[in-house]
Amino acid sequence: TPKGSCLESVKIAIDTGYRHIDGAFVYYNEHEVGQAIREKIAEGRIKREDIFYCGKLWNTCHPPELVRPTLEKTLKILQLDYVDLYIIELPMAFKPGDAIYPKDENGKMIYHETDLCATWEVSKHTHRSSSSVLLVECHPYFTQPKLLEFCRQHDIVIVGYSPLGTSRDETWVNVSSPPLLKDPVLNAIGKKYNKTAAQVALRFSIQRGVVVIPKSFNPQRIRENFQIFDFSLTEKEMKEIEALNKNVRYVELLM
Ligand code: A2P
């Protein structure tokens, strides 16, 4: 993110009413997120316990002995005493070390053998809540019906990333899947409620119990994405949107 834009956006988001902030060391803006939260606390706008901050353990830090020091590094960058949630960013491990994307002389990623369960077990010694969280891509074009049902049965909370269909940045997005927010059904339903396709997409997810983490650096759109609690979709509309599922990911994680 361009320097400072994250700081401003998080402050606007907190003023708007957002409380869940999805961050990661590897986004390289945790210092700005931390500063925004601390400034809003200092202003008396919020208390620390009002915020739900999610941090992430990067792929090079999966060996169990690295988990705690890596979390401590994140806390130092944020200048906060704790995070509310700390998740394994991706279920594959890279070779530990300074390189974030360790590659061999042929440019191939160097993976690392670690037991994912052992990484996860570390949290058992410290965490206070018993709920599990799964962060996956989820939106009207990738609705994950089977996974959603499984998670419902096992009391696992799904957080859906790319709920608006991503920024369509070709360096990491499969842009052969059409732009979500141009979808005629989402736009037609939006028209009925005087809402945008983005608001309909977000409302659809929360209404089926999926947590959403929309991203925007635009003040107007940050506010727009929060105006989703004053209308609800009918069962028929929910079904219509579910039927848009293409079973195609925008984020293929080809590494
Ligand atoms: P911008 O930052 O200019 O608002 P996702 O949350 O699925 O990753 O999508 C993020 C992308 O969607 C960003 O490119 C963001 O651009 C754009 N975006 C965010 N909110 C809206 C909105 N309400 N309408 C249209 N585009 C949006």
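Does Ile-158 count as buried or exposed, and at what relative accessibility?

**View 1. Ile-158 within strand β5 of the predicted model.** Strand β5 covers residues 156-161, and Ile-158 has its place there. Because its relative accessibility is 2%, and buried means under 20%, Ile-158 counts as buried.

**View 2. The surroundings of Ile-158.** When neighbours within four places in sequence are left aside, the residues in contact with Ile-158 are Leu-134, Val-136, Leu-147, Leu-148, Cys-151, Gly-209, Val-210 and Val-211. One of these, Leu-148, is 10 residues from Ile-158 along the chain, and the C-alpha atoms of the two are separated by 7.4 Å.

**View 3. The shell of residues around the ligand.** The ligand is surrounded by 16 residues, of which Leu-164, Ser-216, Phe-217, Arg-221 and Asn-225 are the closest. Sorted by class, this shell consists of six nonpolar, seven polar and three charged residues.

**View 4. Polar atoms of the protein facing oxygen atoms of the ligand.** In the side chain of Arg-221, which is also listed among the closest residues, an N or O atom is 2.6 Å from an oxygen atom of the ligand. The backbone contributes as well: a polar backbone atom of Gly-165 is 3.1 Å from an oxygen atom of the ligand, and a backbone N or O atom of Pro-163 lies 3.4 Å from an oxygen atom of the ligand. On its own the ligand has 570 Å² of accessible area, and the protein covers 80% of this.

How values were computed: Residues numbered from 1 in each chain as written. Predicted model: local features only at pLDDT ≥ 70, side-chain atom pairs only at ≥ 80, totals over all residues. Heavy atoms only, no water. Helix = DSSP H or I, 4+ residues; strand = E, 2+ residues; numbered from the N terminus. Buried < 20%, exposed > 50% of the residue type's maximum accessible area, 1.4 Å probe, protein only. Contact = heavy atoms within 4.5 Å. Near = heavy atom within 4 Å. Polar contact = N/O pair within 3.5 Å; in protein donor to acceptor, adjacent residues only side chain to side chain. Areas by Shrake-Rupley, 256 points an atom, 1.4 Å probe, with all protein chains shown as cover. Nonpolar A, V, L, I, M, F, W, Y, C, P; charged D, E, K, R; others polar.
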